[in-house]
Amino acid sequence: MFTPAELLEINTLLIPENKIVILTHYNPDGDAIGSSFGLKHYLNAKGIHAEVVVPNDFPKFLKWMPESKKAIIGEYKRKVAFDLINEADVIFCLDFNSPSRIGLLGDWLTKAKAKKILIDHHQQPEQFDFVYSDTIIPATCQMIYHFIEAMNDEELVNKDIAECLYTGIMTDTGGFRFRSTSATTHRIIANLIEKGADPAMITSNTWDTNTVSRLHLLALILGRIEVVKDGKVAVLYLTREELKEYGFQKGDTEGFVNYGLSILGVKMAAFFMEDLYEDFIKISFRSKDDMDVNQFSRKYFNGGGHINAAGGKSLESLLDTIETFKGKIEGENL
């Protein structure tokens, strides 16, 4: 958490007269959108206006969250996004550890005159004016709740804040399944339910949103999962042609990698997908126990994240990337 002195200074910055912007990472997920709008609603409850700016669009299944459709999407409204960042007095940086993680907004953030406040749970954060970084906490949404606590504002947590923060914690813990989910996490969830979060509604709006195209893609990869390294590693993939054939939309492959990890005996799963427009391979890694996919991805695939959940990127072809992965994983101790 921020030090008491930092909290006092941050409190002096959170005034109606200041222009406040909330940023989150490229390809925003549930934790990114949940923490951004959870924080926005908290500031609103304090009588402070804030704008949420995201680098690019996010899945429809996250747009049910209160006011989430009001996010300024940088790739669509560049001038608006630039002006907001350039003129801001305070910029909250949520769920990312480096300006490089926010796409075209990164250079604007670096040059902005605003005080920059980082709240994030990824490893190796870069320097900001104020830094609250904790890699043990499973979701940035949980950190936003702790921040509200530290500001002695728990009584301001309302239904809108609760719904947003619940969503981010739920999605980033895999439905409270990942080992980073703590007793403290569950206590916060209980508090959010008491504040108005409806678990059944949130789960339905976020996860019970399958389209026929998504199910076709899921059936395709499930039909060809490959298990290597003596049954300890699962490999899944999708080609650009397959994405086009089944009408891929942003968010359609969310959670696919977890199916590989659900196989009995598997300790690591890797999902490879050709980008729809550019020539690179997007990679998602998941693991159990002490298999550190963050370090693995940093070492071999220009990525990173958490010990048990990370992403990466490859400029090789899809098949070459998979073969490279198989070669590298053979040298790992699982």
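Helices are DSSP runs of H or I with at least four residues, strands are runs of E with at least two, and both are numbered from the N terminus.

The model is predicted: local features need pLDDT of at least 70, side-chain atom pairs count only at pLDDT 80 or more, and totals for chains, interfaces and linings use all residues. Residues are numbered from 1 along each chain as its sequence is written, and side-chain values use heavy atoms, with hydrogens and water left out.

Helix α6 is mostly covered, with 11 of its 14 residues buried. Buried denotes under 20% relative accessible area, exposed over 50%, and partly exposed in between (1.4 Å probe, protein chains only). Among the buried residues of α6 are E163, C164, Y166 and D172. The cover over the buried residues of α6 includes α2, α5 (140-150), α7 (183-194) and α8 (199-207). At the start of α6, a side-chain oxygen of N158 comes to within 3.2 Å of the backbone nitrogen of D160. Just after α6, G174 adopts a positive phi of about 60°.

Helix α2 (residues 30-45) contains S36. S36 counts as buried because its relative accessibility is 0%. Beyond its neighbours within four places in sequence, S36 contacts I22, T24, V52 and L94. Contact here means heavy atoms within 4.5 Å.

The cysteines were examined next. A disulfide is defined as a pair of cysteine sulfur atoms within 2.5 Å. By this rule, the count is zero disulfides. The sulfur of C93 lies 16 Å from the closest cysteine sulfur, in C141, so it is too far for a bond. The sulfur of C141 is 7.7 Å from the closest cysteine sulfur, in C164, again too far for a bond. C93 is buried, at a relative accessible area of 0%. C141 is also buried, at 0%.

UniProt, in an unreviewed entry, places the feature "domain: DDH" at residues 19-169. UniProt positions follow the numbering used here, feature names are shortened, and annotations may be inferred rather than shown by experiment. In the model, the end C-alpha atoms of residues 19-169 are 28 Å apart. This span is 36% helix and 18% strand.

Note on methods: A polar contact is a pair of N or O atoms within 3.5 Å; within protein, one must be able to donate a hydrogen and the other to accept it, and residues adjacent in sequence count only if both atoms are side-chain atoms.
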